[in-house]
Amino acid sequence: MSNDAVGLVGRDNLTARVFGELRLALMEGRFRPGHRFKIRELAEAMGVSETPIREALMQLVRARVLDMQASRSIEVARLSAAQYEELRGIRILLEGLAAERATTRISKADIANLKKYHQALVAAERGRRWREAVQVNWQFHHTLYKAADAPELLEMIETIWLRNGPLLNMLYPHATPTYPGRHQHLNVLDGLTARNPEAVKQSIQADLLEGGARLLQLLQDIEAGATPSELDAAVT
């Protein structure tokens with residue numbers, strides 16, 4: 001992915017600002033698993049020296065979001081099927097709690113924004129604009145969880161999304177989310193409109209399970225040695 005995934009930052013408190021920009025980019029899925037960061041190019045793209053770039057990347061390495069290879073290159077960490085499944089189990093609990101709490105606190109304006117994000121997600125998937133789909137999905141979920149007005153809970157959720165966000169790029173085109181009934185985002189929106197915390201909680205948790213089922217299978221297939229041609233055949 002090109003360095004246009006990040007933008008210019010100011011000169012004050014550079015490491016913190018670079019870290020914040022990279023953190024957001026990772027949560028939004030602007031970098032894929034295995035993406036290798038080139039410090040010099042990233043510094044030029046963000047308009048800073050190499051030092052704050054290196055310091056911010058090392059913070060993310062210590063958080064296990066990025067991996068440092070034997071060659072000292074730094075890459076976005078890859079998750080195994082088992083790691084993804086474990087993190088999904090934690091997300092189900094935390095994000096379910098945030099969704100439940102948000103139901104009675106979220107504003108009508110935020111509910112309207114959630115509708116727009118979901119419509120944008122559907123349009124992006126239909127148009128095969130995969131990067132956009134990953135990003136607006138994050139915006140849908142993050143807007144909901146932020147409305148819970150629980151900063152500590154949100155911080156825990158965001159920490160997991162730092163590792164989960166890049167992986168969501170693998171949803172497309174081989175593991176596009178499918179649902180046995182209607183899209184769970186629609187059920188979330190209905191629950192919010194009705195101010196029904198339990199319905200919103202259950203819909204978010206079902207979204208994580210149903211929407212991620214094909215991704216988990218894809219990771220398992222890759223670990224079992226599936227070839228790209230075999231994966232293509234599985235979705236035709």
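Mentor: A crossing is left-handed if the near helix is turned anticlockwise from the far one by less than a right angle, and right-handed if clockwise.

Trainee: OK, so which hand is the crossing of α6 and α9 here?

Mentor: Left-handed. This is a predicted model, where local features need pLDDT of at least 70 and side-chain atom pairs count only at pLDDT 80 or more, while totals for chains, interfaces and linings use all residues. Residues are numbered from 1 along each chain as its sequence is written, and side-chain values use heavy atoms, without hydrogens and water.

Trainee: At what angle do the axes of α6 and α9 cross?

Mentor: Roughly 150°, with the axes of α6 (residues 130-146) and α9 (residues 197-211) coming within 13 Å. Helices are DSSP runs of H or I, at least four residues, and strands are runs of E, at least two; axes are fitted to C-alpha atoms, and angles run from 0 to 180 degrees between N-to-C directions. The two helices are therefore roughly antiparallel (over 145 degrees).

Trainee: Which residues of α6 and α9 meet?

Mentor: H141, L144 and Y145 from α6, against I204, D207 and L208 from α9; contact is heavy atoms within 4.5 Å.

Trainee: Switching to the sheet. What's the strand order?

Mentor: β1-β3-β2, an open, antiparallel sheet of three strands. Pairing takes at least two DSSP bridges.

Trainee: How many bridges pair β1 and β3?

Mentor: Two, and β3 covers residues 74-76. Opposite F37 stands I74 of β3.

Trainee: Which strands does α3 touch?

Mentor: Helix α3 (residues 50-62) packs on the sheet and touches β1, β2 and β3. Its direction makes about 100° with that of β2.

Notes: Parallel < 35°, antiparallel > 145°, perpendicular 65-115°, else oblique.
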